[in-house]
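Reader: I'm new to this one. Can you walk me through it?

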Amino acid sequence: MTATKMNADPLLRERMHSLEERVKKLEDILLSASTDNAIVAKQKKSSAREFLRTKQLKTETQKVLAFGYFLEYMEGMESFNVNDLETVFRSAKEKLPTNINDAVNKNIARGFLMEAAEKKDSRKAWCLTSTGEEFVQKDLNK
């Protein structure tokens with residue numbers, strides 16, 4: 001039994017050392033991740049007005065599309081309706097389009113927007129298509 005204890009002691013020490021190394025690596029990863037998250041958390045979110053300044057928009061239809069993109073990507077909405085668009089226009093201190101529904105329909109016709117699967121607040125809702133996302137990201141930038 002004494003021989004077994006002597007053999008087990010070095011094995012235990014080796015196993016303990018191995019576990020301590022693993023724990024240290026995990027702690028380093030967690031510390032790094034929490035530091036990265038703290039940096040991300042400190043970044044301020046762009047306002048609708050600031051976002052608009054990054055785009056070259058010539059028509060009301062393009063503004064509606066850009067604000068739809070803003071609502072999905074900056075505000076985290078899965079879909080948006082007329083009320084959401086009016087709210088974001090007002091928050092950016094932009095003149096409301098003469099007919100938001102017409103601008104939405106023009107974007108649908110171009111393949112930039114599509115009707116969302118479900119209504120939002122009992123109103124028809126829309127979301128961007130991949131073509132619409134790409135158009136805002138590439139073609140509307142200043």
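Reader: Where is Ser122 placed?
Author: Ser122 lies in the loop between S1 and S2. Strands (E, at least two residues) and helices (H or I, at least four) are DSSP runs, numbered from the N terminus.

Reader: Is Ser122 buried or exposed?
Author: Ser122 is exposed, because its relative accessible area is 69%. Buried means under 20% relative accessible area, exposed means over 50%, and partly exposed is in between (1.4 Å probe, protein chains only).

Reader: What is phi of Ser122 near?
Author: Phi of Ser122 is near 65 degrees, a positive value in a residue other than glycine. Most residues other than glycine have a negative phi. Asp121 is also in the loop between S1 and S2. Phi of Asp121 is near 55 degrees, again positive in a residue other than glycine. Asp121 counts as exposed, at 58% relative accessibility.

Reader: Before we go on, where does the model come from?
Author: The model is predicted: local features need pLDDT of at least 70, side-chain atom pairs count only at pLDDT 80 or more, and totals for chains, interfaces and linings use all residues. Residues are numbered from 1 along each chain as its sequence is written, and side-chain values use heavy atoms, with hydrogens and water left out.

Reader: OK. How many helices and strands are in the protein chain?
Author: The protein chain has six helices and two strands. From the N terminus, the order is α-α-α-α-α-β-β-α. Of the 142 residues in the protein chain, 31% are buried.

Reader: What span should H3 have?
Author: At 1.5 Å a residue, H3 should span 20 Å. The end C-alpha atoms of H3 are 20 Å apart, which agrees. The expected span is 1.5 Å times one less than the number of residues.

Reader: At what angle do H3 and H6 pack?
Author: H3 (residues 60–73) and H6 (residues 130–139) pack at about 100 degrees, with axes 10 Å apart. H3 and H6 are therefore roughly perpendicular to each other (65 to 115 degrees; under 35 is roughly parallel, over 145 roughly antiparallel, the rest oblique).

Reader: Which residues make that contact?
Author: From H3, they include Leu65, Tyr69 and Tyr73, and from H6, Phe135 and Val136 (contact means heavy atoms within 4.5 Å). By class, the contact of H3 with H6 has six nonpolar, three polar and two charged residues.

Reader: And H5? How far apart are the axes of H3 and H5?
Author: The axes of H3 and H5 are 9 Å apart, at an angle of about 80 degrees. H3 and H5 are therefore roughly perpendicular as well. Glu60, Thr61, Val64 and Leu65 in H3 meet Ala103, Val104, Lys106 and Asn107 in H5.

Reader: New topic. Where is Glu94 found?
Author: Glu94 sits in the loop between H4 and H5. Glu94 is buried, with a relative accessible area of 16%.

Reader: What does the side chain of Glu94 make a polar contact with?
Author: The partner is the side chain of Arg49, at 2.3 Å. Leaving aside neighbours within four places in sequence, Glu94 is in contact with Arg49, Leu52, Lys63, Phe67 and Phe89. A polar contact is a pair of N or O atoms within 3.5 Å; within protein, one must be able to donate a hydrogen and the other to accept it, and residues adjacent in sequence count only if both atoms are side-chain atoms.

Key:
Axes fitted to C-alpha atoms, helices over the stretch in contact; angles between N-to-C directions. Nonpolar A, V, L, I, M, F, W, Y, C, P; charged D, E, K, R; others polar.
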